[in-house]
Amino acid sequence: MLLYHGARPNPRAVRMFLLEKGITIPMRDLDIDKGENRKPEFVARNPSGQVPVLELDDGFWLAESGAIFQYLEDIHPEPALIGNTAQERAETRMWQRRVERRITEPLYAAFHYGKGLTMYQERMVVLPECVPGLTTLMRDGMYWLNSLLSERATIVPQRFTVADIVLYAAVDFGNGVGLGIPEDLCALQHWLEEVSQRPSANASLHPRSSETGIHY
């Protein structure tokens, strides 16, 4: 297998997932800022033009983080980061979708349409007028999750899962681009600090993080 990745939070989430699993596979780093992932030969194989992409042994390209997580969990079930049973897997996907819809998706869109506008306006439809509303949605989601984390240590109760990894990669990135966790959200801040102590958190950082000060 071969993982196409780069200096962005979603590839970091996959790298962190691999580290938590203890899986080592070859990787190819693409320069996202220079648009290597938008070159015709890449888009021909992955029409979304995004990373991460996992190239399988038979040459099949598997895109989208959620699909990559599931494939890796299926072939390397332990330690379980999605779940060992049908109910556990469904519960994890439920919480992952909740944090994506309420926090990570508006966070990424606010970055693309705001601080990242100059880079992304030639690559996608951008709506800079939506940044204030997206930021409000993101923060509303953070306040909602903060209230839940005041009573438990992980997003899925009693289990560290891919939901924690997905959110961690997003909010750690957001802290560096002006879309961070509000200071009064103590439970969410504590959760972030606890996840950051996991060896996979620091080990999953892209080398460019030390240059830019942004965690991805």
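The model is predicted. In it, His 206 is buried, helix 4 and helix 6 are roughly antiparallel to each other, and Gly 66 counts as partly exposed.

**His 206 and its surroundings**

- His 206 sits in the loop that runs between helix 9 (199–203) and helix 10 (209–212), and its relative accessible area of 6% falls under the 20% limit, so this residue counts as buried.
- The side chain of His 206 is joined to that of Asp 29 by a polar contact of 2.8 Å.
- Leaving aside residues up to four places away in sequence, His 206 touches His 5, Gly 6, Ala 7, Arg 15, Asp 29 and Tyr 216.

**Packing of helix 4 and helix 6**

- Helix 4 (residues 86–113) packs with helix 6 (residues 131–149) at an angle of about 150 degrees, and their axes lie 8 Å apart.
- Because angles over 145 degrees count as roughly antiparallel, this description applies to helix 4 and helix 6, and their crossing is left-handed.
- The contact involves residues of helix 4 including Trp 95, Val 99, Ile 103 and Tyr 113, together with residues of helix 6 including Leu 134, Met 138, Trp 144 and Leu 148.
- By residue class, the contact of helix 4 with helix 6 divides into 16 nonpolar, 2 polar and 3 charged residues.

**Gly 66**

- Gly 66 belongs to helix 3 (residues 65–75), and its relative accessibility is 38%, which means that it counts as partly exposed.
- Gly 66 and Phe 173 are 107 residues apart along the chain, and a distance of 19 Å separates their C-alpha atoms.

Key
Residues numbered from 1 in each chain as written. Predicted model: local features only at pLDDT ≥ 70, side-chain atom pairs only at ≥ 80, totals over all residues. Heavy atoms only, no water. Helix = DSSP H or I, 4+ residues; strand = E, 2+ residues; numbered from the N terminus. Buried < 20%, exposed > 50% of the residue type's maximum accessible area, 1.4 Å probe, protein only. Polar contact = N/O pair within 3.5 Å; in protein donor to acceptor, adjacent residues only side chain to side chain. Contact = heavy atoms within 4.5 Å. Axes fitted to C-alpha atoms, helices over the stretch in contact; angles between N-to-C directions. Parallel < 35°, antiparallel > 145°, perpendicular 65-115°, else oblique. Left-handed = near helix turned anticlockwise from the far one by under 90°. Nonpolar A, V, L, I, M, F, W, Y, C, P; charged D, E, K, R; others polar.
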